[in-house]
Amino acid sequence: MTPEIGALYYGNISAYDLAPLRKGELFSFPYVTFAWGKGRVNMYPVGQAIVNSRALYEHEYSIVNTNATKLAEAFKKNPTLNRDFDITAVGDLVEFRARAIGNQFNLDTTLNPKINTRILGSIQKPEKRENFKFFFELFFRHQEGPATFEKIFSSEVAEELTSVKKSVEVQYWHQATPPSGKGPTTGAVSGWRTRYEDKLVDEGIGIAEIDIREKLQIALSTSPPASTAKKYIQSQAVGEYYCQITEMYGTPAVARKISRSSVKKATMSLLQKDPLLLEQPEVVSFSGNPMIFKLQSWTYLDTYASTFVGSFELPKVIFFSTISGKQKPCFYDQKREKKVLFPDDFKLEFRFSDTLVSMIAVDKPDNSGDQFPNTAVSVAELLPYFKANYTLDKYYSIELDALAGKIRFTARQPGARYNWEGGVFLNNEQIGVDFKERENFTFLFELFFQKQDATDFECIYSEQILQDIPLSGLATIDVSSILDAFLDYEIPDFNASIPMRCSQSKGAYFCQFAEIYGSTPRIKKVIKSSVKHVLKGGLSHVGFKTKNLLSLLSPAIGNPSQDRFLNDGPRVIRTYGRQAGKLYFINMRANITMLKLLTCITYNDESSGGHESEPMPVKQYDKLAFDVGINKFKNSKEIKSYTCYLVNEALEQVSEKISFQPDYSLRAPVRYFAYSTSLGGFKTLLTYGTGSQEYELNSQTANTTPDVKRALYDRYKSAYNIRLTSKFTVSTGWINKDQFFALADFFLAEKKFIIKHNMLLPIVVSSKKVCETSDLSALMAQTFEYQYAFDERKYTEEIEDFNCSPTTIHIA
């Protein structure tokens, strides 16, 4: 995974520098010392007395003379030096080159200053290649199915650098001291010693793990394309599989190396008891998209089906008899009476269920499939006539068993309806049996839900569900609408001083299920799924079919700086005036326990500044909202642009960057809307241009009862239940195509508000046709109608200021 990066040690020593050694003048010691991280060697000149302890020095070898070639040969004879260094003579120099990279091979010049170090050895801690990842593929085939393997699973897999505990050699100086109050120590010698310590060492090897048991179990539970009788009577499903690993890295990441495992065998008992989740939602899903649980039972059948097998066998023909001038084959029956094999007008009848197939023996059969030759003496002669019969060929596979002298009929489907009801020359070899389902069989399915800030799960759904198709053992349920009813959008506070934890629009859930059957239905073993997480919102129809939510939120497994905000559209956003805004984020990583928003600000005078939010402790899959409106960062300087991103406790970037560019151009009148987005957050929409307003008055009337003081004719009508509905027509102002398409999210929003008088007033868009454009239109302006989601029953004088933008917003 990681290239080995570092440098080899290279140094030398001059043969002439060792000349004084023969006289004991070098360093005032009678030997030369080579010391490095992994060893220490002392070399003595010829004729010098060797006084040392074996425990102190590893080896001693004599230096013959100062000739570089012979010195190099003498040094090579030392096994410790030769183990770690390539030693050569070049001119009058003896060169030492380490055999491996690393600083542990650097020769110590403090003990031997005559050594000239040219290159220091070094090693770099293993690091991942850029954008490194594994791509895993799993291929499978049924043993009873086609010979070709089919890919059943593929995924990117995260890897980690491995650290192993190794025994590392450590050199240390031992100082021998005499016992207190006594003379010199006998036999104790000071010097370098060696010991070994256990240390964690990075190997620079990337490893990844993936559990494929569930994938193989699902594949084995699926019937092979070609069903056979064995499928229904065997006790095990058998398949073969292999995996393929692709190493990918670079910018962009491309496949570098492909490795393939050997073919292995997988088996699974068909009589296993526990039900299985064949399909379940991802660990994070949107409540607005299908969230499917598919259950598989292995015990839904009381009796397994079997396939009928029958055979057609002729008696042995022993002679021919002339009948009506024709030679007819004959045989002896059990009573030893002579019988003609196929007398005139003989009918061979196949009876099964409500079907009767008759074939007539004739002299010259045609190709209709209803006749066969009456002169046939072997089953091989009759095989093509049976295959030509439409009904027999439709319901049975017809093959010749030459060794047994039979034609074998195997039903193409299991069940009792294909069993033969007797017949001449026909034998039932294996009786077909129908599937029989367990009495009162259903699934119990329960769904448990927990909002983000709740302390425990509660059961929100518990029902018995039937099989999708009778006798399939499969049941499917979509839980998206169930969970969506327990989620809601958080109405934002656009002036929040701290980030908001989204407890209404995000929750956790799991399901538990069991089989129910019996004359008195009883619940069997309960199986629980893993805990999963659901977000309010959803992807479009095309987006759900083409995008994976996990890869959408975390595009790069090993690179958190690419994790996306729950924000659709461009990553550079234009804002107007004091337009409010929010960024929503879900923490997809278990190792991130704190988040805060950093904002880098550039002012119009080209100076810069910054802002950081309050740190928020988080767990994996927590959802947070951060205020990014320009009001939060405004001071005496005018802001040119600002960029927001998230960091962890180590100030490492753990999200993508979103940039904002304020627009200070004069636009009037301006209206601000807020709406819930498809991705589960809230956005603001600005429109400008001339609009209009109208009132719609609704009331009911009744005749009043005349007062005693009034004349009988003095009647009048009275209005009651008077309601006033305010309706508005507004223009978006000039917008480009990206802004035009983004309007769809606004019109589809479940919650829409107009921001007025620092309040969020709920509205309903009443237009039926709201957008129109053409391929050639670069700029366009749209109009739409909306009305308040409430009726006025009273009115007090107020001042309408459409240019009012949110400072402190209240919910009406």
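Visitor: Is strand β41 enclosed or open, and why?

Guide: Five of the five residues of β41, residues 582-586, are buried, so the strand is largely enclosed by the rest of the structure. Keep in mind that this is a predicted model.

Visitor: Which way do the side chains of β41 point?

Guide: Start with the general idea. In a regular strand, side chains alternate between the two faces of the sheet. Now the case here. Lys582, Tyr584 and Ile586 point one way from β41. Leu583 and Phe585 point the other way. All of these residues are buried.

Visitor: In what sense do β41 and strand β45 pair, parallel or antiparallel?

Guide: Antiparallel, over five bridges. Strand β45 covers residues 623-627.

Visitor: Next, a single residue. Where does Glu95 lie?

Guide: Glu95 is part of strand β7, residues 93-98.

Visitor: Is Glu95 buried or exposed, and why?

Guide: The cut-off for buried is under 20% relative accessible area. Glu95 has 10%, so it counts as buried.

Visitor: What does the Glu95 side chain meet?

Guide: The side chain of Tyr10, in a polar contact of 2.9 Å. Now widen the view, leaving aside neighbours within four places in sequence. Glu95 is then in contact with Tyr10, Gly11, Asn12, Asp86, Ile87, Thr88 and Val90.

Visitor: On to charged pairs. How many salt bridges does the count give?

Guide: The count comes to 22 salt bridges. The rule asks for a side-chain nitrogen of Lys or Arg within 4 Å of a carboxyl oxygen of Asp or Glu. One of them joins the side chains of Glu349 and Arg351, at 3.5 Å from N to O. Glu349 is partly exposed at 30% relative accessible area. Arg351 is also partly exposed, at 37%.

Visitor: Which residues are linked with Arg408 in a network of salt bridges?

Guide: Asp401, Lys406 and Glu429. In the Arg408 and Asp401 salt bridge, the closest N and O atoms are 2.7 Å apart. Arg408 is partly exposed, with 23% relative accessibility.

Visitor: What does Glu606 form with Lys640?

Guide: A salt bridge, with the closest N and O atoms 3.2 Å apart. Glu606 lies in the loop between β42 and β43, and Lys640 in strand β46, so the pair ties together parts that are 34 residues apart in sequence.

Visitor: How exposed are Glu606 and Lys640?

Guide: Glu606 is exposed, at 53% relative accessible area. Lys640 is partly exposed, at 39%.

Key:
Residues are numbered from 1 along each chain as its sequence is written. This is a predicted model: local features need pLDDT of at least 70, side-chain atom pairs count only at pLDDT 80 or more; totals for chains, interfaces and linings use all residues. Side-chain values use heavy atoms; hydrogens and water are left out. Helices (H or I, at least four residues) and strands (E, at least two) are DSSP runs, numbered from the N terminus. Buried means under 20% relative accessible area, exposed over 50%, partly exposed in between (1.4 Å probe, protein chains only). A polar contact is a pair of N or O atoms within 3.5 Å; within protein, one must be able to donate a hydrogen and the other to accept it, and residues adjacent in sequence count only if both atoms are side-chain atoms. Contact means heavy atoms within 4.5 Å. Two strands pair if DSSP finds at least two bridges between them.
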